[in-house]
Amino acid sequence: MSRIHVLVVDDSVVVRRFLSDVLSADPELAIAGTAASGRIALAKIPQVAPDLVVLDLEMPDLDGLATLREIRRLYPRLPVVMFGSITDGSAAVSLEALALGPTEFVAKPANVDSLHRGVEQVSSELVVKIKGLCARLRPLTTRPRPLPDPAVVSRIRPPAPRPAFGGIGIVAIGASTGGPDALAELLPALPADFPVPIVVVQHMPPVFTTRFARRLDAACALSVREAQTADLVLPGRVLLAPGDYHMRLRRDDDTVRVVLDQAAPESFCRPAVDPLLRSAAEVYGGRTLGVVLTGMGQDGMRGCERLRGLGATILAQDEKTSVVWGMPGAVAGAGLASRVLPLEALAGEILRLVLGRADAAVRAGAT
């Protein structure tokens, strides 16, 4: 099996050496080279032809974001994993980086003195993201995008008849790689008087989710905020799961509230989509509208399985508009999707299903 060749870019020789040791220990990975700056990395890419770049955020001369912009200009499909500290400043930079293409983020250890232990802690996350990005994207550099798989299309199930006691009660959205950009297009297309709550899990570290919620709130007619424990789940409000916490829903008499916890990661993620969907199934049952956007892995598939068993409708983003068709592809491939749609069609379909009117699609984008 061909190994994935990684270019490691970091101004710290300690980090370069340690990442090289950790990554090369995996039988599926190999180090294509190392670079101490963004400029050196840009010079090395055509020489070593990496399958993926692990890129430090903060470097002298040419920093990580400037280097990434140049990589995107020259090699738009080359996967990049940004490797940086979780700070308010790095969160702002990384959110911009995540919108530039097939890019992921892995946090550096906060304590330099425990670098060895810290890198060991994140190595599993880094390795998983490297393999996930490359598994989906490497073939696209050498062959045209395939037509939709007829086997997958044939497994798409039509929306199940909704229970007679009411329509959609909540919209639950899950996203990962490419999700920030997708959510920034989807949510602003929904009107201020959207009649049901929206809850969102986007795989993202702490601090990042705080900034991302603020950014969405500024762009949306709906109110968007990072969820806190005991937050009321209300119509017209979008609640985003905070980094490092699972977000679940709990009925409390006549209200529904958010419960946050730090139970074990699922699908290597916390927050994860599956816990949210399972709790939505318990509270709203078949009145949940599940939406699975672009993302790596299969997080959300088990939750969708639970929801479909209750008669819920599931929408999945299509392959063409997904940065990585892992999560939505898993849902579609398992026959759990009611419809598979391009990103630009999802807001209209959500409105149509929630409002129950054929003309709802024309309201997408209205405020």
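**A residue, its pairs and its sheet**

Guide: Let us begin with Asp 56, which lies in strand E3 (residues 52-56). Please bear in mind that the model is predicted.

Visitor: Is Asp 56 buried or exposed?

Guide: The reading rests on relative accessible area, with buried meaning under 20%. Asp 56 has 3% relative accessibility and therefore counts as buried.

Visitor: Which residues does Asp 56 touch?

Guide: Leaving aside residues up to four places away in sequence, Asp 56 touches Val 9, Asp 10, Asp 11, Gly 64, Phe 83 and Lys 108.

Visitor: Let us turn to charged side chains. How many salt bridges does a search of the whole structure find?

Guide: Side chains of opposite charge can pair when their charged atoms come close. In this structure the search finds 13 salt bridges. One of them joins the side chains of Glu 104 and Lys 129, with 3.3 Å from N to O. This pair links distant parts of the chain, since Glu 104 belongs to strand E5 (residues 103-107) and Lys 129 to helix H5 (residues 115-137), 25 residues apart.

Visitor: Why do Glu 104 and Lys 129 count as buried?

Guide: Glu 104 counts as buried because its relative accessibility is 7%. Lys 129 counts as buried because its value is 16%, and the cut-off is under 20%.

Visitor: Which residue meets Asp 231 in a salt bridge?

Guide: The partner is Arg 225, and the N to O distance is 3.3 Å. Asp 231 is buried, at 8% relative accessible area, whereas Arg 225 is partly exposed, at 29%.

Visitor: Where do Glu 305 and Arg 302 lie?

Guide: Both are in helix H10 (residues 301-309), three residues apart, which is about one turn of the helix. Glu 305 is partly exposed, with a relative accessible area of 42%. Elsewhere, salt bridges that share partners join Asp 26, Glu 28 and Lys 131 into one network.

Visitor: How many aromatic pairs does the search of the whole structure find?

Guide: The search finds one aromatic pair. The ring centres of Phe 105 and Phe 208 are 4.5 Å apart and the ring planes stand at 45°, so the pair is tilted. Phe 105 lies in strand E5 and Phe 208 in helix H8 (residues 208-219), so the pair ties together parts 103 residues apart in sequence. Phe 105 and Phe 208 are both buried.

Visitor: In what order do the seven strands of the open sheet stand?

Guide: Strands of a sheet pair through backbone hydrogen bonds, either parallel or antiparallel. Here the order is E8-E9-E7-E6-E12-E13-E14, and the pairing is parallel. Strand E8 (223-226) and strand E14 (339-341) stand at the edges; each has a single partner strand, so one side of each has no neighbour in the sheet. From one strand to the next, the twist averages 20°.

Visitor: How many bridges join strand E6 to strand E12?

Guide: Five bridges join strand E6 (residues 170-175) to strand E12 (residues 288-292), and the two run parallel. Among the residues involved, Gly 174 has Val 292 in E12 as its bridge partner.

Visitor: Which strands does H8 lie across?

Guide: H8 lies across strand E7 (198-202), E8 and strand E9 (237-240), and runs at about 175° to E8.

Note on methods. Residues are numbered from 1 along each chain as its sequence is written. This is a predicted model: local features need pLDDT of at least 70, side-chain atom pairs count only at pLDDT 80 or more; totals for chains, interfaces and linings use all residues. Side-chain values use heavy atoms; hydrogens and water are left out. A salt bridge is a side-chain nitrogen of Lys or Arg within 4 Å of a carboxyl oxygen of Asp or Glu. Helices (H or I, at least four residues) and strands (E, at least two) are DSSP runs, numbered from the N terminus. Buried means under 20% relative accessible area, exposed over 50%, partly exposed in between (1.4 Å probe, protein chains only). Rings of Phe, Tyr and Trp (its six-membered ring) pair if their centres lie within 6.5 Å; planes under 30 degrees apart count as stacked, over 60 as edge-to-face and the rest as tilted. Two strands pair if DSSP finds at least two bridges between them. Axes are lines fitted to C-alpha atoms, for helices over the stretch in contact, and angles run from 0 to 180 degrees between N-to-C directions. Contact means heavy atoms within 4.5 Å.
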